[in-house]
Amino acid sequence: MLGIETSCDETGVAILRWEPAAPGGGLLAHALYSQIKLHADYGGVVPELASRDHVRKLLPLVREALAEAGMTPADLGGVAYTAGPGLVGALLVGAAAGRALAWALGVPAIGVHHMEGHLLAPLLEEEPPQPPFVALLVSGGHSLLVQVKAIGEYTILGDTLDDAAGEAFDKTAKMMGLPYPGGPALARLAEQGRPGAFRFSRPMTDRPGLDFSFSGLKTQVLLAWQQSDQGEQTRADIARAFEEAIVDTLVIKCRRALEAAGAQRLVIAGGVGANRRLRAELAAAGEKDGFRTYFPRLAFCTDNGAMIALAGAIRLASGQHQGEAVEVRPRWNLEDLPAA
Ligand code: ATP
Ligand code: MG
Ligand code: FE
């Protein structure tokens, strides 16, 4: 199975030999090209530039992955590509290339939901989680708590009312003058921050419910930053307090979601899942409360082709595939997916 990811600013390609018993064991190759440098001057992703860069990089990456796997295109048995949600032009590049490749090779193609890809990424690791479980999906565009009864049977328990967790990291970093994309840089800076130097609130944890809101936190940080000496240590101190507030909030809501769903397994995925403090705090909460945590390796937290190959392989194995039209869905609710 060839997996193609082009929903935003990363071109990802992977080749997976599907083995239901050990889903991750069959990963033969993966290649990634990040457009971060291209968009850095603009402080955010420019959709038209993203599409054009996917056009430039996709086929070379497919060749690279095939070479790494020691395969030719004729060895492929299926093609999976991200069909949504994401930037329409960027999605169309992967969908058109993936659909055309499958048609030329006479193999089935399958359009994958990007967030289902993120959600299933921990299945690429040893000891993959078995449904039912609760998934925390925290990325650049989403903050979701999802009840997973079976693969494809998703109920959204909580969503963000404004910014996604990754977006809050990026915007806060930008406010404090860190270069785009600020999330990982802010997290690195937080490691030098002193505990207790600043404290921000844990939004929406004082009332029941599983939704998130991070834009007020961003405003609190902006005020603290503007009123501070804006020195290096202060920036690190604020970064630390901000990270603690986000992580605490996510941990509180995860505990509640597990209780509400009566689940003992928690899957964490999406770019913010790479955050060290979040990984450590959730693992610690799991030891205390008696739930088990499952994370993708760091490289598969952010966008990649491997998670798309995996989600596509599962859906093809259950008999689903795409028609001959090239179709993408820039907006697409996870709950609308059919069972796999
Ligand atoms: P979506 O999946 O919702 O469409 P996306 O694909 O842009 O959005 P991902 O690639 O999954 O998002 O993740 C990128 C996000 O993860 C960015 O917002 C980035 O700042 C954040 N991120 C990456 N590493 C870290 C980290 N160590 N700590 C906090 N945030 C991080
Ligand atoms: Mg990205
Ligand atoms: Fe993503």
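Q: What percentage of the residues in the protein chain is buried?
A: A residue counts as buried if 20 or more other C-beta atoms lie within 10 Å of its own. In this predicted model, buried residues make up 51% of the 340 residues in the protein chain.

Q: Which residues have the most contacts inside the largest nonpolar core?
A: In soluble globular proteins, nonpolar side chains tend to be buried together. Here the largest nonpolar core has 107 residues, and those with the most contacts inside it are Ala-80, Val-134, Ala-135, Val-146, Ala-309 and Leu-310. Helix α8, residues 232-261, gives the most to this core, namely 14 residues. Once neighbours within four places in sequence are left aside, the contacts of Leu-310 are with Leu-16, Pro-23, Leu-120, Leu-123 and Leu-124.

Q: How does the radius of gyration of the protein chain agree with that of a compact globule, and why?
A: For 340 residues, a compact globule would have a radius of gyration near 20 Å; the protein chain has 20 Å, so the two agree. Its C-alpha atoms fill a box of roughly 60 × 45 × 30 Å along the principal axes. The chain contains 10 helices and 10 strands. Of its contacts with a separation of 6 or more, 75% are between residues 24 or more positions apart.

Q: Which residues are closest to ligand 1?
A: Ligand 1 is surrounded by 24 residues, of which the closest are Gly-140, Gly-141, Gly-166, Gly-183 and Gly-271. The shell divides into 7 nonpolar, 14 polar and 3 charged residues. Helices α4 (114-120), α5 (165-175) and α6 (182-190) each supply at least two of its residues, and the largest share, 4 residues, comes from α5.

Q: Where are cis peptide bonds found, and what is omega in each?
A: Most residues other than glycine have a negative phi, and most peptide bonds are trans. A cis bond joins Gly-84 and Pro-85, with omega about -15°; Pro-85 is in the loop between β4 (79-84) and α3 (88-105). The bond from Pro-131 to Pro-132 is also cis, with omega near 5°, and Pro-132 is in the loop between α4 and β6 (133-138).

Q: Is Glu-127, with its positive phi, buried or exposed?
A: Glu-127 has phi near 55° and is found in the loop between α4 and β6. It has 10 C-beta neighbours inside 10 Å and therefore counts as exposed. Gln-230 has phi near 55° and is found in the loop between α7 (215-226) and α8; with 12 such neighbours, Gln-230 counts as exposed.

Terms used:
Residues are numbered from 1 along each chain as its sequence is written. Chains are lettered from A and ligands numbered from 1 in the order in which they are written. This is a predicted model: local features need pLDDT of at least 70, side-chain atom pairs count only at pLDDT 80 or more; totals for chains, interfaces and linings use all residues. A nonpolar core is a set of buried Ala, Val, Leu, Ile, Met, Phe, Trp, Tyr and Cys residues joined through C-beta atoms within 7 Å. Two residues are in contact if their C-beta atoms, placed from the backbone, lie within 7 Å. The radius of gyration is taken over C-alpha atoms; the globule rule is 2.2 Å times the number of residues to the power 0.38. A residue is near a molecule or strand if its C-beta atom, placed from the backbone, lies within 6 Å of it. Ala, Val, Leu, Ile, Met, Phe, Trp, Tyr, Cys and Pro count as nonpolar, Asp, Glu, Lys and Arg as charged, and the others, Gly among them, as polar.
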